[in-house]
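Biologist: Can you walk me through this one? I'd like to start with pockets, then move to the helices.

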Amino acid sequence: MSEDRKISADLAALFKQLPAQSYEQAEEIGKILVAGGAGTVRQLVSLIGDEFGDSDGAKPKEALHALVIYASRPGADDERRVVAEALAEQLSAEHSDELKALIARQLQLCGRTDDVPAIAKLLTSDRLCEPATQALLAIGGKEAQQAIRSALPKASDKRRSTLSQAVGLLSAR
């Protein structure tokens, strides 16, 4: 494992508990992960790896998803904000399109209006337009609609269909 993908002892111990065997265990794992804040998000993203199917990235991916689900629960707005901001920040880092697509799919679950500008930057990519659009549709609102509308004039045929459908869906809400 490369130096930048070293697992901390705390995360290594947590990975052994995944997948959770009960709701109570899942909640405890979520509490531990969310307590680490943005640093835990950054570490998990660095551990996932850039290639789809990287077996070393399976547990970090599972943990990141668990963190997103836990932080997205009702009444956890501050935790959700911290997780979403950290994920949105990762979209501008030097990651592969596969990893950015995964991050966008997590933002589909926990993203907020504040995260729209970071997600919108992905709309120019043939590979990332679909997961970014899905995240923006989940977030909804004027900002998401404007981001999608702004991307339409420069969109390739492949992206134009996705973006056009999204504008229609957001307009119908």
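Modeller: One term before we start. Ala, Val, Leu, Ile, Met, Phe, Trp, Tyr, Cys and Pro count as nonpolar, Asp, Glu, Lys and Arg as charged, and the others, Gly among them, as polar. Also, keep in mind that this is a predicted model.

Biologist: Fine. How do the residues lining the largest pocket divide into nonpolar, polar and charged?

Modeller: The lining has 8 nonpolar, 2 polar and 2 charged residues.

Biologist: Which residues line the largest pocket?

Modeller: Leu18, Ala20, Tyr23, Ala26, Glu27, Ile29 and Gly30 are among them. The lining also includes His65, Ala66, Ile69, Tyr70 and Arg73. Two elements each give two or more residues to it: α2, residues 23-35, and α4, residues 58-71.

Biologist: Which element gives the most to that lining?

Modeller: That is α2, with 5 residues.

Biologist: And how much space lies in the pocket?

Modeller: About 230 Å³.

Biologist: Leu18 is on that lining list. What kind of peptide bond joins Leu18 and Pro19?

Modeller: A cis one, with omega at about -5°. Most peptide bonds are trans. Pro19 sits in the loop between α1, residues 9-15, and α2.

Biologist: OK, on to another proline. Where is Pro60, and is it buried or exposed?

Modeller: Pro60 is in helix α4. Its relative accessible area is 2%, so Pro60 is buried.

Biologist: What does Pro60 touch, beyond its neighbours within four places in sequence?

Modeller: Phe15, Leu44, Leu47 and Ile48.

Biologist: How far is Pro60 from Glu79 in space?

Modeller: They are 19 Å apart, C-alpha to C-alpha. Along the sequence they are 19 residues apart.

Biologist: Switching to the core. How many residues are in the largest nonpolar core?

Modeller: It has 52 residues. Val83, Leu87 and Leu107 have the most contacts inside it. The element that gives the most to this core is α6, with 7 residues. In soluble globular proteins, nonpolar side chains tend to be buried together.

Biologist: Take Val83. What is it in contact with, setting aside neighbours within four places in sequence?

Modeller: Val83 contacts Val34, Val41, Leu67, Val68, Ala71 and Cys110.

Biologist: Back to α6. Which of its residues are buried?

Modeller: Leu99, Lys100, Ala101, Leu102, Ile103, Ala104, Gln106, Leu107 and Cys110.

Biologist: What covers them?

Modeller: The cover includes α3 (37-48), α4, α5 (77-90), α7 (116-120) and α8 (129-139).

Biologist: How does the span of α6 agree with what a helix should give?

Modeller: Helix α6 has 14 residues, 97-110. At 1.5 Å a residue, those should span 20 Å. The end C-alpha atoms are 20 Å apart, so the two agree.

Biologist: Leu99 was in your buried list. What is its relative accessibility?

Modeller: It is 4%, so Leu99 counts as buried. Leu99 touches Val45, Ile48, Gly49 and Asp50, not counting residues up to four places away in sequence.

Biologist: What about the loop between α6 and α7? Is Arg112 there buried or exposed?

Modeller: Arg112 lies in that loop. With a relative accessible area of 15%, Arg112 is buried.

Methods
Residues are numbered from 1 along each chain as its sequence is written. This is a predicted model: local features need pLDDT of at least 70, side-chain atom pairs count only at pLDDT 80 or more; totals for chains, interfaces and linings use all residues. Side-chain values use heavy atoms; hydrogens and water are left out. On a 1 Å grid over the protein atoms alone, a cavity is a set of points where a 1.4 Å probe fits but cannot get out, and a pocket is an open set with protein on both sides within 12 Å along at least five of seven lines; lining residues have an atom within 4 Å of a point. Grid points are joined across faces, edges and corners, and a volume is the space filled by probe spheres set on the points. Helices (H or I, at least four residues) and strands (E, at least two) are DSSP runs, numbered from the N terminus. The expected span of a helix is 1.5 Å times one less than its number of residues. Buried means under 20% relative accessible area, exposed over 50%, partly exposed in between (1.4 Å probe, protein chains only). Contact means heavy atoms within 4.5 Å. A nonpolar core is a set of buried Ala, Val, Leu, Ile, Met, Phe, Trp, Tyr and Cys residues joined through side-chain atoms within 4.5 Å.
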